[in-house]
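Trainee: I would like to learn how to read a few features of a model with you. Could we take them one at a time?

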Amino acid sequence: MISFKDFNFHPDIDESIDAMGFTKPTPVQVSTIPIILENKDLIACAQTGTGKTAAFLLPVLQKIVEEDDFEGTKLLVIVPTRELAMQIDQHLQGFTYFIPVSTVAVFGGGAGDVWDQQKSAIASGVNIIIATPGRLISLINLDYLRAENLRTLVLDEADRMLDMGFYDDIIRIITKLPKKRQTLMFSATMPPKIRQLAKKILTSPEEVNISIAKPAEGVLQGAYLVHDEQKPALIMDLLRDKPELKSILVFSATKLNVKQLYRQLKAQGFSCNAIHSDLEQHERVTVLNDFKNRKFQILVATDIVSRGIDIESIDLVINYDVPSDAEDYVHRVGRTARAEMTGVALTFINSRDVRSFKNIETLIDSEVHKLPLPPHIGQGPEYTVSRGYTSDYPKRKGAPKKGFRKDRKKVRKDQP
Ligand code: AMP
């Protein structure tokens, strides 16, 4: 069995690993750390929750410390969202407690003074930059980036970045970096477009595949077949009288749904809050921190928090709607059972979502157990893919078919 000692890290790094409470490396760390220490390029298929952040930060820090060279920007980490940037920065604060490296997280949406701090940190050659593509491009346009000393580029959640349309930005950023560098690409999935990007920007990369798009071990998954109008009653039922569950994350498809569900839960006296893209950045940070610090029990969220956010020990994840993208299911479920802890993930499937959920089951290569509805909630839909147009309402006279179509359109328009 491999231990952290086998990597021969500098004692200051070993000490920070101890201080973080890590006792043994996770599988992704075991596979990737030696490759990164050998200065090879890497493409790693690993989802959030596998310990991938430490997998790239630790060896890069080791190389900086080993060379005792703290001059200029050595590492650039490009990430899709500000939440992930902040999370990696937090990890870094832990790992660099005993090491004199400087770091900055760079993302949009902050106040003017934050922008000024980011600009001056970058211009002064801060050692490690964690950045979202848009904000970094702005800084490059203003000619602030000093990349001549850069040794390592990390693209984290590369698939997510391409989904968000950052391909051109990434390529532009890369043209500003030294050609001789190590490039590490982490992605939860490996669609062809990721392979193409890898071919373009990596040199003879080693490949590591940890997840194959499966939720981390230890997640108990279950699903309810339920009509939309039964969902509020079912979720109340599941959440009521559960003081032993300290942190519960509920995902819903759109911010409208999130706001509505939040209001319903609040009205029933649940200790809850909501996070969605209408909140200002400082409000999102406060909500996430309060959730992390267990100031309230239930967080209702759109997809913005499903990837990358590092909240430890979530006891229960509920997908109030089936995520339309099968990969998102894996990410959401990945919020629980982090780093080998156990958790539960439950998904509500209405008749329209049966097809999407079957796709998820194909992707994760297993059948999720379908749980019976509590009797007072009534009968749910069948687990069969409906052909052509169907209503999700239970069959009864006058089911509002037109309204359903409108509703569906609204859902599409109002993606998170
Ligand atoms: P990540 O996949 O990088 O988002 O990491 C998921 C979580 O696992 C974070 O809370 C890390 O602090 C934690 N973690 C990472 N490596 C280890 C390890 N070797 N032992 C225990 N926890 C870890």
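Mentor: Gladly! Let us begin with residue classes: Ala, Val, Leu, Ile, Met, Phe, Trp, Tyr, Cys and Pro count as nonpolar, Asp, Glu, Lys and Arg as charged, and the others, Gly among them, as polar. Please keep in mind that this is a predicted model.

Trainee: Thanks. Which classes make up the lining of the largest cavity?

Mentor: The general idea comes before the case. Rolling a probe the size of a water molecule over the atoms shows where empty space is left. In this structure, the search finds two cavities of 30 Å³ or more, and the largest has a volume of about 40 Å³. Its lining is made of V60, K63, I64, K74, R151 and T152. By class, that gives two nonpolar, one polar and three charged residues.

Trainee: Which element gives the largest share of that lining?

Mentor: Helix α3, residues 52–67, contributes three residues, the largest share.

Trainee: Now to the rings. How many aromatic pairs does a search of the whole structure find?

Mentor: A pair of aromatic rings is described by the distance of the centres and the angle of the planes. The search here finds nine aromatic pairs. Take Y224 and F348: their centres are 6.1 Å apart with 90° between the planes, an edge-to-face pair. This pair links distant parts of the chain, since Y224 belongs to strand β8 (residues 219–225) and F348 to strand β13 (residues 343–349), 124 residues apart.

Trainee: Is Y224 buried or exposed?

Mentor: Y224 has a relative accessible area of 9%, so Y224 is buried, as the limit for buried is under 20%. F348 is at 0% and therefore counts as buried too.

Trainee: What is the geometry of the pair formed by Y320 and F348?

Mentor: That pair is tilted, with 5.6 Å centre to centre and 45° between the planes. Y320 sits in the loop between β12 (316–319) and α13 (326–333) while F348 is in strand β13, so the pair ties together parts 28 residues apart in sequence. Both Y320 and F348 are buried.

Trainee: Which charged end sits over the ring of Y320?

Mentor: The charged end of K231 does, 5.6 Å from the ring centre. While you are looking at rings, find F4, F7 and F9, which ring pairs link into a cluster.

Trainee: How many disulfides does the search find?

Mentor: A disulfide is a covalent bond between the sulfur atoms of two cysteines. In this structure, the search finds zero disulfides. As for individual cysteines, C45 is buried, with a relative accessible area of 4%, and C272 is buried at 4%.

Trainee: Last topic: contacts between parts of the chain. Where is G110 found?

Mentor: Look in the loop between β3 (103–106) and α5 (112–123). G110 has a relative accessible area of 31%, so G110 is partly exposed. G110 and E280 are 170 residues apart along the chain, yet their C-alpha atoms are separated by 9.1 Å.

Trainee: And S324, is that residue buried or exposed?

Mentor: S324 counts as exposed because its relative accessibility is 68%, and the limit for exposed is over 50%. S324 lies in the loop between β12 and α13. Its C-alpha atom is separated by 8.1 Å from that of D353, 29 residues apart along the chain.

Conventions:
Residues numbered from 1 in each chain as written. Predicted model: local features only at pLDDT ≥ 70, side-chain atom pairs only at ≥ 80, totals over all residues. Heavy atoms only, no water. 1 Å grid on protein atoms, 1.4 Å probe; cavity = no way out; pocket = protein on both sides within 12 Å on 5 of 7 lines; lining within 4 Å. Points joined across faces, edges and corners; volume = space filled by probe spheres on them. Helix = DSSP H or I, 4+ residues; strand = E, 2+ residues; numbered from the N terminus. Phe/Tyr/Trp six-rings, centres within 6.5 Å; stacked < 30°, edge-to-face > 60°. Buried < 20%, exposed > 50% of the residue type's maximum accessible area, 1.4 Å probe, protein only. Lys NZ or Arg CZ within 6 Å of the ring centre and 35° of its normal. Disulfide = S-S within 2.5 Å.
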